[in-house]
Amino acid sequence: MQENAVPFLERPPALDGSLAGDVGSETLDLTHVPAMYRCILLAAAVASASAFAPSAMLPRTSGRAAVSRGPRMQENAVPFLERPPALDGSLPGDVGFDPVGFSNYFDLRWLREAELKHGRVCMLGVTGLLVQEFVTLPQFSNGKTPVDDFFVVPSAGLWQVFFTIGAVEFFSNGFKLTPGDMFSEGRDAGDLGFDPLGCGKNPDALARRRLVEVKNGRLAMIAFGGMLHQQLLTGQGTIEQLANFKAIQ
C-alpha cells in the first residue's frame with residue numbers, strides 16, 4: 001500500500017512520494033482530513049442521501065394538517081383573496097376566479113354569456129388562423145400571414161361582415177342585449193336554441209359538454225391572443241414558424 005494505494009491500479013507517475021501524505025492515490029483520502037472537516041462531509045452526505053430516502057423513512061404529516069395548511073384551490077382560485085359571494089360553483093367551470101370583482105356588480109348570467117360568446121368566436125378564430133395558411137378561397141388572395149388577410153379584404157367586404165355579425169347578435173337575442181332584459185324570458189346564458197346535433201338530449205352529457213365548452217373557450221381566447229401577437233411580431237404564420245422557427249432579431 002505504501003507503493004500503490006490501490007492494488008489493482010498503477011501508481012500515477014506524478015505521485016512519486018515527494019509530498020507529505022502522498023500514498024499514490026488520486027481518490028479522496030479522509031485519513032489526513034481534520035476531524036471537523038470529516039464531520040462536515042459526513043453530514044453533507046447524509047443530507048444528500050435523505051433526499052432519495054423512501055417515504056416510509058420520512059416523517060409523515062397527517063392528512064388533516066396537510067389540507068388545512070395548503071391553498072384550497074377548489075374553494076378559492078386566488079388564495080390571498082376572498083371568494084366572491086356570487087361565485088358559488090353552480091356554473092360550469094366556476095372555480096371562484098374573479099380578482100377584479102365583476103361578479104359583484106354585474107348579472108352573473110350576463111358575464112357568462114359574454115364569456116361563452118368570446119370563447120366561441122375565438123375557437124372559430126384559432127381555426128381560421130390555422131386554416132388560412134393553407135387554404136385560399138376562390139376570387140380572394142391571401143396576405144403574408146393570416147392576420148394580414150384582414151387588410152386584403154376590401155372595405156365593402158369588412159362592412160358586410162360587421163353588419164352580418166350585428167344582425168346575428170340582435171336577432172339571436174330577440175333585440176334584448178342589456179343585463180336587465182337579456183334573460184327576461186328565463187333562458188340560460190349561452191343557450192340560443194341552436195343544437196342541430198341534439199347534444200342536449202342527455203342531461204348528463206349536456207352538463208359535461210357545457211364544462212368542456214367553457215374550458216375550450218378560455219383556452220381558445222388565450223391561444224388566439226398569443227397567435228395574433230406572434231404573427232404580428234414575427235411576420236410568419238403560426239404553423240410556418242413552428243416548422244421553421246427563428247428567433248426575433
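**A walk through the helices**

At 49% relative accessibility, H229 counts as partly exposed, because "exposed" would need over 50%. Keep in mind as you look around that this is a predicted model. You'll find H229 in helix α6, which covers residues 203-234. Now look for V147: it sits 82 residues away from H229 in sequence, yet the C-alpha atoms of the two are 9.5 Å apart in space.

V147 also takes us to the inside of the model. Together with C122, V126, L129, A220 and M227, V147 makes up the largest nonpolar core, a set of six residues. Two elements, α3 (108-131) and α6, each give two or more residues to this core. The biggest giver is α3, with three residues. As a bit of background, nonpolar side chains in soluble globular proteins tend to be buried together.

Let's zoom in on one core member, L129. Which residues does L129 touch, once its neighbours within four places in sequence are set aside? They are P146, V147, F224, M227 and Q231. Of these, V147 and M227 are also listed in the core.

Next, the cysteines. C122, another core member, has 14% relative accessibility, so C122 counts as buried. C199, with a relative accessible area of 27%, is partly exposed. A disulfide is a covalent bond between the sulfur atoms of two cysteines. How many does this model have? The count comes to zero.

Just after α5 comes G174, with a positive phi of about 60 degrees.

Terms used
Residues numbered from 1 in each chain as written. Predicted model: local features only at pLDDT ≥ 70, side-chain atom pairs only at ≥ 80, totals over all residues. Heavy atoms only, no water. Helix = DSSP H or I, 4+ residues; strand = E, 2+ residues; numbered from the N terminus. Buried < 20%, exposed > 50% of the residue type's maximum accessible area, 1.4 Å probe, protein only. Disulfide = S-S within 2.5 Å. Core = buried A, V, L, I, M, F, W, Y, C linked by side-chain atoms within 4.5 Å. Contact = heavy atoms within 4.5 Å.
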